[in-house]
Amino acid sequence: MKAMILAAGRGERMMPLTKNTPKPLIKVRGLTLIEHSIIALKKAKITNIFVNVSYLGWQIKAYLGNGSRLGVKVTYSDEFSGALDTAGGIINALPLLGREPFVVINSDVLCDYDLSKLTLPADSLAHLILVDNPKHNAKGDFSLIDNHQIITANSKSLTFSGIGAYHPDFFKKHINTQDKLPLYPLFKEALATSQLSGEHYQGYWQDVGTPERLELAKNAK
């Protein structure tokens, strides 16, 4: 299985730390955020990794190179005219990712989920790892029924972790877009056809989207 790490954003909420450094290269416990993701993928024997870059992307390329230092193969998907958001970035990279399901990880999350267990059910176009709602997203994003099917958030809501498995057909309706496009409108489309699945993970997870959450990550045991 191939994997993609989303690393093209400006990291606006992390300013001023990201004024001269792209967020994926911010360090937590001795490693950059993107290295944490790469190491987790390698541990799961996923070594063919694609990274989208835009804001200060040259720094990410210079730091990771072809990935050989970390024992993986890294290929870059350049967004030269500006970051295309989450779904837009994946669509831009689809010619590289191929026709089989693949894993996508946000570069600003830390999680000890075993990625070797992440698979796409036969009746699903996307399978999301959901976690307990953090303080900054108390209302959550989705709910689960039958421990598998994702539905619109109810009183027992969970938060999308930024980790998921996708079939290329999940993006089929938007394949020709060249504009910024987030993932959530596509999630709603898959919800309408009951093709969005998920699982609740209760282990360590931390979004590193702000300086405050960065400190939480640095102090995690």
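**A walk around the model**

Guide: Let's start with helix α5 (residues 211-218), where Arg-213, Leu-214 and Ala-217 are buried. Keep in mind that this is a predicted model.

Visitor: Which exposed residues does the face turned away from the buried side of α5 carry?

Guide: To count as exposed, a residue needs over 50% relative accessible area. On the face of α5 turned away from its buried side, the exposed residues are Glu-212 and Leu-216.

Visitor: And what covers the buried residues of α5?

Guide: Look at the buried trio, Arg-213, Leu-214 and Ala-217. Strands are part of their cover, and among them are β2 (27-28), β7 (109-111) and β13 (205-207).

Visitor: Let's turn to charges. How many salt bridges does a search of the whole structure find?

Guide: Side chains of opposite charge can pair when their charged atoms come close. One example here is Glu-12 with Arg-10, whose closest N and O atoms are 2.9 Å apart. Searching the whole structure, the number of salt bridges comes to seven.

Visitor: How many residues apart are Arg-69 and Glu-35?

Guide: Their side chains meet in a salt bridge, at 3.3 Å from N to O. The pair links distant parts of the chain, with Arg-69 in the loop between α2 (57-64) and β5 (73-78) and Glu-35 in helix α1 (residues 33-43).

Visitor: Is Glu-35 buried or exposed?

Guide: The cut-off for buried is under 20% relative accessible area. Glu-35 has a relative accessibility of 3%, so Glu-35 counts as buried.

Visitor: What does the salt bridge between Asp-169 and Arg-99 tie together?

Guide: The N to O distance in this pair is 2.8 Å. Asp-169 lies in the loop between β11 (159-166) and α4 (184-192), while Arg-99 lies in the loop between α3 (85-97) and β6 (102-106). So the pair ties together parts of the chain that are 70 residues apart in sequence.

Visitor: On to the pockets. What supplies the largest share of the lining of the largest pocket?

Guide: This pocket has a volume of about 910 Å³ and is lined by 34 residues, with Arg-13, Asp-85, Thr-86, Asn-106 and Asp-108 nearest its centre. α3, β11 and β13 each supply at least two residues of the lining. The largest share, four residues, comes from β11.

Visitor: What gives the most to the lining of the second largest pocket?

Guide: That pocket holds about 360 Å³ of space. Its lining has 17 residues, and His-36, Ala-40, Cys-111, Asp-112 and Tyr-113 lie nearest the centre. By class, the lining has eleven nonpolar, two polar and four charged residues. With five residues, the element that gives the most is α1.

Methods:
Residues are numbered from 1 along each chain as its sequence is written. This is a predicted model: local features need pLDDT of at least 70, side-chain atom pairs count only at pLDDT 80 or more; totals for chains, interfaces and linings use all residues. Side-chain values use heavy atoms; hydrogens and water are left out. A salt bridge is a side-chain nitrogen of Lys or Arg within 4 Å of a carboxyl oxygen of Asp or Glu. Buried means under 20% relative accessible area, exposed over 50%, partly exposed in between (1.4 Å probe, protein chains only). Contact means heavy atoms within 4.5 Å. On a 1 Å grid over the protein atoms alone, a cavity is a set of points where a 1.4 Å probe fits but cannot get out, and a pocket is an open set with protein on both sides within 12 Å along at least five of seven lines; lining residues have an atom within 4 Å of a point. Grid points are joined across faces, edges and corners, and a volume is the space filled by probe spheres set on the points. Ala, Val, Leu, Ile, Met, Phe, Trp, Tyr, Cys and Pro count as nonpolar, Asp, Glu, Lys and Arg as charged, and the others, Gly among them, as polar.
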